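Subject: Structure handover

Hello,

Here is the structure I said I would pass on.

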Amino acid sequence: MRHVIALDVGGTGMKAALVGADGALLHRARRATSRDRGPDAVVDAILGFAADLREHGVERFGEPAAAAGVAVPGIVDEANGVAVYAANLGWRDVPLRARLAERLGAPVALGHDVRTGGLAEGRIGAGRGADRFLFVALGTGIAGAIGVDGRVEAGAHGFAGEIGHIVVRPDGAPCPCGQRGCLERYASAAAVGEAWAAASGDPDADAAHCAKAVAAADPGALRVWHTAVDALADGLVTALTLLDPRTLVIGGGLAEAGETLFTPLREAVRRRVTFQRLPEIVPADLGDSAGCLGAGLLAWDLLESTERTEVTP
C-alpha cells in the first residue's frame, strides 16, 4: 500500500504517522527528541525514528514510504530544506531534508511546525473550505499561518505569519526578539500564565488556572484575561486588515479555554473593525495532531508535484 511518513518534531517529543493516500493514519508512534544530549543527538533521533518508520512500512505494507514530510520548530528555510535555528533544540543550519532523503531513499518535504499545522487546519480542519484563512497558535509564543487556496505562504525569507511579533503596546514589555510590546508578551499562554502567577501569588499558576478562575468570575483573573484579550484583538485586527481572511482559526494552549476565550475575543474584534470584513473566528479542530497531519500533506503534495513534473513533456 502506498503511504508516506509524517513527522512532527517538538521541543521534547516527536509525533509520527504513516499516512495513506486518502489521508488515513495507518500507524502512529511517538519518541523523545533526546535534546538533553545536544543538537547532534536530536538530529540522530529524527533520522533513526524516520528509518524505523520506513522499516515498519516495509514490514506492514510491503513497500517503503514513497515520501516523507517533516515539521520542525524555529526558523526554517523550506525552499532549501534547512533547519536554520531552533532555540529549544539547539541546532543551527542543519540540512535536514538532504540528510533524511539520504537515509530514507525517498523525497522529503521540510516545513515550519506552525505553518504545517496551519496547513492541516486550513485544508482538513477548522478552516476547511475557506479560500483564505489565518491560523494563529497561542502557545508559549504566538505564531501564525497564512493560507491561500489550500496552501500556506512561507514568505520571501521564511518568516511569514510571525504575528506574535506585531507590536501592540509601543514601549511595552521587552521581547526576546529585541522589540518592545510584542503581542506574544501579552496574549500567549505563557504570558497569561506569568501574569496570573504574579496576580494570584501562586508561582505554579498557569494559563489554564487563570481560565478556570475567569470562569468562576475571579476579579483578578478577569483583569489578567481582559488585558490578554484586548492585546490579542489589537494584533488580530492588524492581521485582518493586511490579509482579509475568510476564516480565522485559533489554536494552541490558550484556545483550550473554549468560549471563555472565544466569546470575549469575538466581541473585542467586532468592536475594532470598521471597514474590514469580520471573518468567522473558530477554534482549531485537530489539536496536537495538526503538525503530524500537516507533515503528511506536505509529503503527498511533494509527490504530486514531482509526478506532475515527470509527466510534463
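The notes below go through strands, then helix pairs, then a single glycine.

Please keep in mind that this is a predicted model.

Strands β5, β6 and β7

These strands make an open sheet of 3 strands, in the order β5-β6-β7, and the pairing is antiparallel. The edge positions are taken by β5 (75–77) and β7 (91–94); each has a single partner strand, so one side of each has no neighbour in the sheet. On average, and with direction ignored, neighbouring strands here are turned by 15° against each other. Between β6, which covers residues 82–86, and β7 there are 3 bridges in the antiparallel sense. If you want a residue pair to find on screen, look for Y85, which stands opposite R92 in β7.

As background, strands of a sheet pair through backbone hydrogen bonds, in either a parallel or an antiparallel way. Strand β9 (residues 132–138) is antiparallel to β10, and 7 bridges hold the pairing. The two form a hairpin, with 3 residues between them. On the other pairing, β10 is joined to β11 (residues 151–153) by 3 bridges, again antiparallel. β10 and β11 also make a hairpin, this one with 2 residues between the strands. In that turn, D149 has a positive phi of about 50°.

As for burial, β10 (residues 142–148) is mostly covered, with 6 of its 7 residues buried.

Helices α5 and α6

Two packed helices are described by the angle between their axes and the distance between those axes. For α5 (residues 189–200) and α6 (residues 207–215), the axes come within 7 Å and cross at roughly 65°. That angle makes α5 roughly perpendicular to α6. The crossing of α5 and α6 is left-handed. On the α5 side the contact is made by A189, V192, G193 and W196, and on the α6 side by A207, H209, C210 and A213. Sorted by class, the contact of α5 with α6 has 6 nonpolar and 2 polar residues, and no charged ones.

Helices α7 and α8

The axes of α7 (residues 219–243) and α8 (residues 259–272) come within 9 Å and cross at roughly 50°. The two helices are therefore oblique to each other. Here α7 passes α8 in a right-handed crossing. From α7, the residues that take part are W225, V229, D230, L232, A233, D234, L236, V237 and L240. They meet T260, L261, P264, L265, A268, V269, R271 and R272 of α8. The residues of this contact divide into 12 nonpolar, 1 polar and 4 charged.

A glycine in α1

Which residues does G48 touch, leaving aside its neighbours within four places in sequence? With those set aside, G48 is in contact with R31 and R103. G48 itself is found in helix α1, which covers residues 39–61. From G48 to V76 there are 28 residues in sequence and 21 Å in space, C-alpha to C-alpha.

That is what I have for now.

Regards

Note on methods
Residues numbered from 1 in each chain as written. Predicted model: local features only at pLDDT ≥ 70, side-chain atom pairs only at ≥ 80, totals over all residues. Heavy atoms only, no water. Pairing = 2+ DSSP bridges. Helix = DSSP H or I, 4+ residues; strand = E, 2+ residues; numbered from the N terminus. Axes fitted to C-alpha atoms, helices over the stretch in contact; angles between N-to-C directions. Parallel < 35°, antiparallel > 145°, perpendicular 65-115°, else oblique. Left-handed = near helix turned anticlockwise from the far one by under 90°. Contact = heavy atoms within 4.5 Å. Nonpolar A, V, L, I, M, F, W, Y, C, P; charged D, E, K, R; others polar. Buried < 20%, exposed > 50% of the residue type's maximum accessible area, 1.4 Å probe, protein only.
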